[in-house]
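Trainee: Could you take a close look at a single part of this structure and walk me through it?

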Amino acid sequence: MLGASWLAWAWPFAFRAPHYQKRPSITAMAPTAAGLLLEVLVIAIAFAFRLPPDRPPGLVRFLGSAVFGLISAALASSA
């Protein structure tokens, strides 16, 4: 599940982005800093709530990861 989510998220960046740019690339400092802060926050939350290695994830966590995987792939594609 995790591998499929990563592949779906990375696909637009690897194959679509370099070929279909309609405008020059620009970087704004505030949105970039906010995005990095959100990434750090999400990684910290993921490590804070990780399961012990001997306990398998339940159905709720599996379905939640599937939903968020689809959302992240859709956002990556629209970016």
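Mentor: The largest pocket holds about 1200 Å³ of space (a pocket is an open set of points on a 1 Å grid over the protein atoms alone, where a 1.4 Å probe fits, with protein on both sides within 12 Å along at least five of seven lines; the volume is the space filled by probe spheres set on points joined across faces, edges and corners). This is a predicted model, in which local features need pLDDT of at least 70, side-chain atom pairs count only at pLDDT 80 or more, and totals for chains, interfaces and linings use all residues. Residues are numbered from 1 along each chain as its sequence is written, and side-chain values use heavy atoms, without hydrogens and water.

The lining of the largest pocket (residues with an atom within 4 Å of a point) has 21 residues, and Leu 2, Trp 6, Val 42, Ala 46 and Phe 68 lie nearest the centre. At least two lining residues come from each of α1, α2 and α3 (helices are DSSP runs of H or I, at least four residues, numbered from the N terminus). By class, 14 of the lining residues are nonpolar, 4 polar and 3 charged (Ala, Val, Leu, Ile, Met, Phe, Trp, Tyr, Cys and Pro count as nonpolar, Asp, Glu, Lys and Arg as charged, the others, Gly among them, as polar).

Phe 68 is also one of the exposed residues on the face of α3 turned away from its buried side, with Val 60, Leu 75 and Ser 78 (exposed is over 50% relative accessible area, buried under 20%, with a 1.4 Å probe and protein chains only). Confidence (pLDDT, from 0 to 100) is lowest in α1, at a mean of 77, and highest in α2, at 86.

Technical notes. pLDDT is the predictor's confidence in each residue, from 0 to 100.
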